[in-house]
Amino acid sequence: VSERKPPYLRSALDSIPPYRPGRKVVGPDGRSAKLSSNESPFGPLPSVRQAIADAAADLNRYPDPAAAELTAALARRFHVPEEHVALGAGSVGLLQQLLEATAEPGAEVVYAWRSFEAYPLLTGLAGATPIHVPLREETHDLEALAAAVTDRTRMVFVCNPNNPTGTAVRETELAEFLDTVPEHVLVVLDEAYREYVQDPRVPDGVQLYRDRPNVAVLRTFSKAYGLAALRVGFLIGHPQVVDAVRKTLVPFAVNHLAQAAAVASLAAEQELLERVAVTVKERERVRAALLADGWTVPETEANFVWLRLGEDTLDFAAACEQAGIAVRPFAGEGVRVSIGLPDDNDAFLTVARTYPKRN
Ligand code: PMP
C-alpha cells in the first residue's frame, strides 16, 4: 500500500494530529483516578437515570430534531426567548457548527493560547486560519485579542474560565472588550465551566450577550451537570446566529437519551449545584495545599488546577500515572489536574508533595 496521501483527502487535514485515546492508568494500590478530562466525579442523579431509562423505551424512533422540550426548558431557565437557544452534540459540536456557519478558507479565527484544544483543531478542519494570542500571566490578554482582529476575522473565542489554566476574566474588562469588537466578528464566550465560578466579578455571559447581537454564549451538560457521555451542549445567542447554527446541526445529532437526561437535569438543578459546591470546596482545598507546599498555582474558577511545569511536565505526569492518577500534560508547558473525589485529590496531593521539584 502506497504511503502517499490519496489525492481526494483535503490538505487541511495534514496539520491535524491523529487521534490518540487516553490510557487508563492503575496504581500499585489499585487506584485508577481519572483527573484528565475535567469531568464530574459524580454519576447521574437517580432522577436523571430514571429519565434515561424511561426514554430508552422509545429508541426505535428518531429523536425530536428540534429538541422542543429541552429548548423550552433552557429558555425558561435562562430567561431568554426560545429563538435564542440552539443545541449541539456537546459544545464541541456547536463549535464545529459555528465554524461551518462563519468560516471559509481565508477567514481568521482568533483566540488566546493556550486554551481549549478543539479551537485549533476545528478551525484547521474548517480550512480557516487560527490566530493565537498568547496568554498573559496565564490569563486572557483582551487588549491583544482585540488588536488581533482584522477584516478577515470571523470569530473570536473567549474561554471563560480558561481551559487549561482555570483563570477567568472579569466583567468590566470583558464588557469593554466586547464593545470594541467590530460587528463583522462573532464573539463566542465559551463558558463550559461557568457553574464552578465563585468570583462575583466574573460575568455571566448570558447577561453580556443580551444587548450585543454579535455575542453568543456556549454552555454544556458535560461538566457540572455530569452528562459528558451523552453529548449535549447549547448556545445562547441572537436569532440569526441561532438559525445559522441550527442549520449546521447534523440531523438528529442530539439524541433522545441526551435530550431526556438534560431536561431531567435542569429539573434537578439544585441537587446538581450541591455537587458543584463539593467540587468547588475541594478545588480550594487542593489549591491551598499545593500553595502551602510551595507550588505556584494560578487562581482557578473551574474544576481543575494548572501547574506550569515546563520541561518537567511529562516527568510529573508520569509520577501521577505511577500512582494511578491520570492527569493532562501539555508537553513543555504544564499539567492540568481535574478536581475529583476527596480521596483521589488526596492521592494527587501526595504525589505533588513528594515530587522532588517545584514549579
Ligand atoms: N469548551 C471547553 C472550554 C472545554 O474544556 C470543553 C471540554 N473539555 C468543551 C468546550 C466541550 O465540551 P463538550 O463538547 O463535552 O460540551
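Me: Is Val254 buried or exposed?
Reply: In this predicted model, Val254 has 4% relative accessibility. The cut-off for buried is under 20%, so Val254 counts as buried.

Me: Where in the chain does Val254 lie?
Reply: Val254 is in a loop, with helix H8 (239-247) on one side and helix H9 (256-267) on the other.

Me: And which residues is Val254 in contact with, leaving aside neighbours within four places in sequence?
Reply: Pro63, Leu87, Gly88, Ala89, Val232, Leu249 and Gln259.

Me: What about Arg77, how many Å separate its C-alpha atom from that of Val254?
Reply: The separation is 19 Å, for two residues that are 177 residues apart along the chain.

Me: OK, whole chain now. How many helices and strands?
Reply: The protein chain has 12 of each: 12 helices and 12 strands. Its radius of gyration is 21 Å, close to the 21 Å that the globule rule gives for 359 residues, so the chain is as compact as a globular protein of that length.

Me: What share of the residues count as buried?
Reply: 52% of the 359 residues.

Me: And the contacts, what share join residues at least 24 apart?
Reply: 72%, counted among contacts between residues at least 6 apart in sequence.

Me: Different topic. Which residues does UniProt list for a domain?
Reply: An unreviewed UniProt entry lists residues 34-344 as "domain: Aminotransferase class I/classII large". Over that stretch the chain is 39% helix and 17% strand, and the end C-alpha atoms are 9 Å apart.

Notes:
Residues are numbered from 1 along each chain as its sequence is written. This is a predicted model: local features need pLDDT of at least 70, side-chain atom pairs count only at pLDDT 80 or more; totals for chains, interfaces and linings use all residues. Side-chain values use heavy atoms; hydrogens and water are left out. Helices (H or I, at least four residues) and strands (E, at least two) are DSSP runs, numbered from the N terminus. The radius of gyration is taken over C-alpha atoms; the globule rule is 2.2 Å times the number of residues to the power 0.38. Buried means under 20% relative accessible area, exposed over 50%, partly exposed in between (1.4 Å probe, protein chains only). Contact means heavy atoms within 4.5 Å. UniProt positions are given in the numbering used here, feature names are shortened, and annotations may be inferred rather than shown by experiment.
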